[in-house]
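Please open the model in your viewer and keep the selection panel at hand. The tour goes from one selection to the next and says what is found at each stop.

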Amino acid sequence: MSSLADQFHSAALDEHLASTFEARGLRAARVGDDDREGTRRWQDAVARGFLDGEPTEVQYTESFAHNGYRRKVGVYDDGGVQADVPVATFASWGTELTLPGGSAIPMCAVSAVTVAPTHRRRGILSTLMRGELRTAVSLGFPIAGLTVSESGIYGRFGFAPAVTATSWEISTRRTGWIGPVAPGRIDYVTREQGRDAATALYKRVRLDTPGEISMPGGHWERTFGTRPDVDKADKLRVVQYRSPSGEVEGVAIYSISEDDEDWAASTATVSRVVAGTDAAYAGLWRFLLSLDLVGTVRASELSVDEPLWWMIDNKRAARITSRDHHYLRVLDVPATLAARNYDIEDVIALEVTDALGIADGTFVLSAGETPGVDVVDEAPLGVLLVRLGVAELSAILLGGISPVTLARAGRIETDDPHRVARVFAATTTPRLSFWY
Ligand SMILES: CC(C)(COP(=O)(O)OP(=O)(O)OC[C@H]1O[C@@H](n2cnc3c(N)ncnc32)[C@H](O)[C@@H]1OP(=O)(O)O)[C@@H](O)C(=O)NCCC(=O)NCCS
């Protein structure tokens with residue numbers, strides 16, 4: 001963990017957060033990393049909040065072993081019958097977010113947000129979110145991010161979906177392969193070998209794609225079923241792509257579900273393709289689309305601009321649905337904007353409003369090879385001005401959402417949205433390849 005992530009992990013709770021809960025007869029506390037019993041009760045609350053069953057012994061143990069990187073906050077109601085089970089949970093940790101141009105900035109990732117149905121709609125989430133974001137800001141995180149189960153919740157806190165994800169269902173019999181035929185070879189490997197290869201490859205490829213983050217602990221083990229708490233791990237099949245010179249350049253993991261009515265119409269669900277080269281990408285997808293006894297291939301958390309689209313000859317064989325996926329929330333405008341890359345030289349002013357009072361202000365962005373951001377009292381005369389909320393700024397940050405679209409939707413105000421769009425454009429479509 002970086003020192004910022006370390007400091008955040010063990011930082012005291014925001015005083016205003018603690019006193020607000022106290023005034024309501026509730027108690028907020030961090031769950032200690034060594035507190036096995038407290039962690040179990042916290043996990044009980046998370047499972048309940050997400051409508052899961054009670055965790056099993058194996059799930060308790062694995063979660064304790066792998067989730068130590070999370071800063072876990074619980075809100076307790078000492079008047080309740082099960083007072084040791086929090087009525088609200090909130091987890092966060094320091095990670096890194098890739099920006100256009102391949103730079104990465106520290107990000108405060110948020111997860112496991114639940115409030116018990118007995119305590120909902122009393123402002124508990126609002127108090128937690130504001131307090132934890134204040135702590136993240138005080139330590140210097142320039143941005144926060146999350147993935148959501150419901151999309152209507154986080155806009156009010158300044159988050160916006162900067163990355164859209166697509167889910168694909170491809171009828172493999174209806175389409176042929178028109179993509180490149182990769183020169184390397186495909187081999188089955190063990191789940192452990194696949195996990196190790198994916199871990200190494202992703203470290204590199206995450207920096208190629210805006211919107212990806214460094215993986216939270218234990219993630220690859222869960223993806224590859226090498227943790228004992230993974231359901232149906234025995235169904236997972238792993239293949240790797242090796243270049244002619246012997247380099248492992250890609251890994252794919254999938255599982256098959258049979259169709260009892262027609263054994264030649266099974267479905268392959270691809271849980272992940274990690275490709276370090278275009279050849280590996282083509283080689284692995286070609287393999288997956290040509291599996292015998294399989295009529296349908298499903299995959300999700302793909303980008304809205306997948307090369308795969310151009311590798312199949314019948315585009316209507318693919319049913320593609322898109323969904324809001326990676327929500328971002330700028331906390332520090334100068335630090336965030338100065339960290340990304342801009343392909344054109346231009347100067348624009350941004351007047352940012354933020355209902356939480358974190359990121360508002362007026363900023364002059366000098367885009368270009370070495371970008372700079374100045375905080376000013378008012379936009380200088382003669383400089384193109386954009387008026388927008390912090391959620392809209394967060395939406396356009398990665399270049400996946402056009403300011404022209406947001407202007408047409410009435411979400412940003414500017415005399416020249418096309419010029420703003422050219423400033424924020426990125427040459428790689430953002431993607432986040434998993435949930436967290
Ligand atoms: C979502 C959840 C955490 C909200 O907690 P809460 O303490 O009831 O939220 P608050 O009382 O602080 O509500 C804050 C605002 O969000 C709104 N809101 C809360 N839950 C919402 C939802 N599911 N959809 C849309 N708006 C929601 C509230 O109406 C309120 O609006 P206001 O600011 O206009 O008054 C809680 O309902 C829950 O645990 N749901 C199940 C698990 C879940 O979906 N977690 C989110 C994971 S991404």
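This is a predicted model: local features need pLDDT of at least 70, side-chain atom pairs count only at pLDDT 80 or more; totals for chains, interfaces and linings use all residues.

Residues are numbered from 1 along each chain as its sequence is written, and side-chain values use heavy atoms, with hydrogens and water left out.

**Helix H3.** Select residues 36-49, which make up helix H3; helices (H or I, at least four residues) and strands (E, at least two) are DSSP runs, numbered from the N terminus. The end C-alpha atoms of H3 are 20 Å apart, in agreement with the 20 Å that its 14 residues should span at 1.5 Å a residue, where the expected span is 1.5 Å times one less than the number of residues. Continuing just past H3, you reach Leu51, which has a positive phi of about 65°.

**Thr39.** Now pick Thr39 within H3, which has a relative accessible area of 6% and is therefore buried (buried means under 20% relative accessible area, exposed over 50%, partly exposed in between, with a 1.4 Å probe and protein chains only). Beyond its neighbours within four places in sequence, Thr39 is in contact with Val31, Gly32, Phe64 and Lys72, contact meaning heavy atoms within 4.5 Å. Other buried residues of H3 include Trp42 and Val46, and the cover over the buried residues of this helix includes helix H4 (57-66) and strands E2 (71-76), E3 (88-98) and E4 (104-115).

**The strands.** Select E3 next, where 10 of the 11 residues are buried. E3 pairs with E2 in the antiparallel sense over 5 bridges (two strands pair if DSSP finds at least two bridges between them), and Lys72, a contact of Thr39, has Ala91 of E3 as its bridge partner. E3 also pairs with E4, again antiparallel, over 10 bridges, with Gly94 bridged to Cys108 of E4. E3 and E4 form a hairpin with 5 residues between them, and Gly101 in the turn takes a positive phi of about 100°.

**The ligand.** Move to the ligand and display Val115, whose polar backbone atom is 2.8 Å from a ligand oxygen. A backbone N or O atom of Gly123 also lies 2.8 Å from an oxygen atom of the ligand, whereas Ser149 places a polar side-chain atom 3.1 Å from a ligand oxygen.

**Residues 333-430.** Finally, select this span, whose end C-alpha atoms lie 20 Å apart and which is 29% helix and 30% strand.

Terms used:
A polar contact is a pair of N or O atoms within 3.5 Å; within protein, one must be able to donate a hydrogen and the other to accept it, and residues adjacent in sequence count only if both atoms are side-chain atoms.
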